[in-house]
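Here are my notes on the model you sent. Please read them with the structure open.

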Amino acid sequence: MSKSQQSPCPECGYEIAVAADTVKGEILQCGDCGMELEVINIEPLEVAPAPEEEEDWGE
Ligand SMILES: [Zn+2]
């Protein structure tokens with residue numbers, strides 16, 4: 001039931017392992033190139049480069 005997923009880094013293609021309880025919007029870091037990646041979708045798992053300029057921690 002607790003299976004992790006993987007998604008390739010859009011920058012370098014490294015397969016990033018994502019915990020099963022990861023939520024949409026979570027920020028991950030690529031273990032290879034170090035790029036910050038935002039989880040934009042869970043099923044199927046998709047990651048995209050995290051926005052650097054917008055900081056939306058208001059809520
Ligand atoms: Zn990478």
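1. Two residues are in contact if their C-beta atoms, placed from the backbone, lie within 7 Å. Among contacts in the protein between residues at least 6 apart in sequence, those joining residues at least 24 apart make up 17%.

2. On provenance: this is a predicted model, in which local features need pLDDT of at least 70 and side-chain atom pairs count only at pLDDT 80 or more, while totals for chains, interfaces and linings use all residues. Residues are numbered from 1 along each chain as its sequence is written.

3. The protein has five strands and zero helices, and its elements run β-β-β-β-β from the N terminus on. Both kinds of element are DSSP runs numbered from the N terminus, helices being H or I of at least four residues and strands E of at least two.

4. Strand S1 (residues 5-8) and strand S2 (residues 15-18) run antiparallel and are joined by four bridges; strands count as paired if DSSP finds at least two bridges between them. Ser7 has Ile16 as its bridge partner in S2. Six residues lie between the strands of this hairpin, where Gly13 takes a positive phi near 85°.

5. An open sheet is formed by three strands in the order S3-S4-S5, with antiparallel pairing. Strand S3 (27-29) and strand S5 (46-49) are at the edges with a single partner strand each, so one side of each has no neighbour in the sheet. From one strand to the next the twist averages 45°, taken between N-to-C directions on a scale from 0 to 180 degrees, with axes as lines fitted to C-alpha atoms. Four bridges link S4 and S5 in the antiparallel sense, and Glu38 has Ala48 as its bridge partner in S5.

6. Burial is counted from C-beta atoms placed from the backbone: a residue is buried with 20 or more others within 10 Å of its own, exposed with 12 or fewer, and partly exposed in between. Of the 59 residues, 12% count as buried. The largest nonpolar core has six residues: Cys9, Ile16, Cys30, Leu37, Val39 and Val47. Such a core is a set of buried Ala, Val, Leu, Ile, Met, Phe, Trp, Tyr and Cys residues joined through C-beta atoms within 7 Å.

7. Is Ile40 buried or partly exposed? Ile40, in strand S4 (residues 36-41), counts as partly exposed because it has 15 C-beta neighbours inside 10 Å. Beyond its neighbours within four places in sequence, Ile40 is in contact with Lys24, Glu46, Val47 and Ala48. Val47, leaving aside its own neighbours within four places, has contacts including Ser7, Ile16, Leu37 and Ile40.
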